[in-house]
Each structure stands twice: as C-alpha cells, then as structure tokens.
Amino acid sequence: MVDISQAAQAYLRELLAKQETGCGIRMFVAQPGTPHAETCIAYCRPGEQQDDDSPVEYDGFTAWFEARSEAYLVDAVVDFQEDRMGGQLTIKAPNARVPSVDENSPLEDRINYVLYNEINPGLAAHGGQVTLVEVVEDSTAVLQFGGGCQGCAAVDITLKQSVERSLMEQIPELTAIRDVTDHTMTDNAYYR
C-alpha cells in the first residue's frame, strides 16, 4: 500500500530510537478526499493504535495505517532526502485528495467526491464552494456554503436544483440535505 523507502526507514528508526520502547508510527490522511487533505505520519506509542488500524512490520519498527485512510494511501510514497540542513522526509499520496470511490466507500467519502469533482467546479465560476460538515444519524448530509455562495440570493435554487439533486441521484442512501450556512453575511455574495 505505502512504499517507505530504505532511506526513510533509516530516518524513522533514528527518530523512534529516541522515543519509548515499542513506539512506532501511525499514518493517516486528515480531511481525506478534499482539496485540504493532508497525509500525516505521527508517533504511535504502544496502545495508541486504533482497533481497525493495519499494522505493517518494518526493520526496527511497526507502521500502523488508519483503516479509513487506506484508500487514500494507495500508491503513497514516503522518502527521505539528505541535504545541508540535515534532510527532509517527504510524503507523496496521489490519491489523498481524489480517491477512487465506489458504492462500498464510506458515505462521507462518496459525498465529498461528488462535491469536489462535480459540484464545486461549477460553483467556483461564481467564487463559491460547498463543503460537507457532517452526516447525521438519519443519513442527512449537513452542508456549508462559502465564498460567493454565502449570503447569495440564489443559494436556495443552487441547493435544490444542483447540489441536492446531484447528491440524492448519485448517493441513494442519503435521506436529506441540510444547509447550515449563515446566509445573513452577504459581503462576498455573488447575487445580493
């Protein structure tokens, strides 16, 4: 799943040698499937791994991979390059922002995929975007508009005729869409 180069493994072993015995690393993607996705490596002390994390043994340490992030870590590469300042650990995860999703992917991932690949490119023409805040228990997607969509006089039309229609057609498990944006702020609204 993740290719950790020999140079990166040596660097990680050096860092981990300064930690408590049994400390490994944990790799995950924060805000996966969004333009703000960040691939992270953190220390993982004994007992800090999650029940569904996948352990992989390397020479001298264990790497734990977050289950939810696994699809986003496919083809990821961790490398270390020495330089005059010591060196730099680099992580390249080409699927962190736009994963390969299917009907078995988590609901949040499928919603984000539709938002970031189909809906937001159209809203960007007006300086707007929409993000998923959360999915509540009854499979309602809670959304928040920003940029030119916040406070826009046409946001109800955009929500019903574009966003809601696209999401409900493509993700049948969704029962409703709810907008939690404060539309009283109209400073950057596309239509006032």
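# Notebook: sheet, hairpins and rings in a predicted model

**Entry 1. The open sheet**

I started with a sheet of three strands, which is open and runs in the order β1-β6-β7. Its pairing is mixed. I looked for the edges next. They are β1, residues 2-4, and β7, residues 88-92, and each of these pairs on one side only. From one strand to the next I get an average twist of 15 degrees. I note here that the model is a predicted one.

Then I took β6 and β7 together. Strand β6 covers residues 76-81, and five bridges join it to β7. The two run antiparallel.

**Entry 2. The whole chain**

I stepped back to list the elements. The protein chain has four helices and 10 strands. Read from the N terminus, their order is β-α-β-β-β-β-α-β-β-α-β-β-α-β.

Next I looked up the dimensions. Along the principal axes, the C-alpha atoms fill a box of roughly 60 × 40 × 25 Å. The radius of gyration of the protein chain is 20 Å, whereas a compact globule of 192 residues would have one near 16 Å.

How much of the chain is buried? I noted 38% of the 192 residues. The accessible surface comes to about 10,900 Å², and carbon and sulfur atoms hold 46% of that.

I also checked contacts along the sequence. I took the contacts in the protein chain with a separation of 6 or more, and 55% of them join residues 24 or more positions apart.

**Entry 3. Aromatic pairs**

I searched for rings that pair, and the count came to two aromatic pairs. One of them is Y11 with F80, which is stacked. Their centres are 4.2 Å apart, with 10 degrees between the planes. This pair links distant parts of the chain: Y11 sits in helix α1 and F80 in strand β6, 69 residues apart.

F80 has 10%, so I put it down as buried. The cut-off I used for buried is under 20%.

Why is the pair of Y58 and F61 called stacked? The planes of these rings lie at 15 degrees, and planes under 30 degrees apart count as stacked. The ring centres are 5.3 Å apart. Both Y58 and F61 are buried.

I followed Y58 and F61 into their strands. Strand β4 covers residues 54-58, and strand β5 covers residues 61-65. They pair in the antiparallel sense, over five bridges.

How many residues stand between β4 and β5? There are two, and the strands form a hairpin. In its turn, G60 has a positive phi of about 100 degrees.

**Entry 4. N112 in helix α3**

I turned to helix α3, residues 107-123, and picked N112 in it. N112 has 8% relative accessibility, so I count it as buried. What does N112 touch beyond its neighbours within four places in sequence? I listed P32, G33, T34 and L132.

My last stop was a second hairpin. Strand β8, residues 128-136, pairs with β9 in the antiparallel sense, over eight bridges. I traced one bridge here too: V135 has A141 in β9 as its partner. Three residues stand between β8 and β9. S139, in the turn, has a positive phi of about 60 degrees.

Where is G148? I found it in the loop between β9 (140-147) and α4 (155-170). Its relative accessibility is 5%, so G148 counts as buried.

I then compared G148 with V135. They are 13 residues apart in sequence. In space, C-alpha to C-alpha, they are 24 Å apart.

Definitions and conventions:
Residues are numbered from 1 along each chain as its sequence is written. This is a predicted model: local features need pLDDT of at least 70, side-chain atom pairs count only at pLDDT 80 or more; totals for chains, interfaces and linings use all residues. Side-chain values use heavy atoms; hydrogens and water are left out. Two strands pair if DSSP finds at least two bridges between them. Axes are lines fitted to C-alpha atoms, for helices over the stretch in contact, and angles run from 0 to 180 degrees between N-to-C directions. The radius of gyration is taken over C-alpha atoms; the globule rule is 2.2 Å times the number of residues to the power 0.38. Buried means under 20% relative accessible area, exposed over 50%, partly exposed in between (1.4 Å probe, protein chains only). Contact means heavy atoms within 4.5 Å. Accessible areas come from the Shrake-Rupley method with a 1.4 Å probe; for residues, only the protein chains shown count as cover. Rings of Phe, Tyr and Trp (its six-membered ring) pair if their centres lie within 6.5 Å; planes under 30 degrees apart count as stacked, over 60 as edge-to-face and the rest as tilted.
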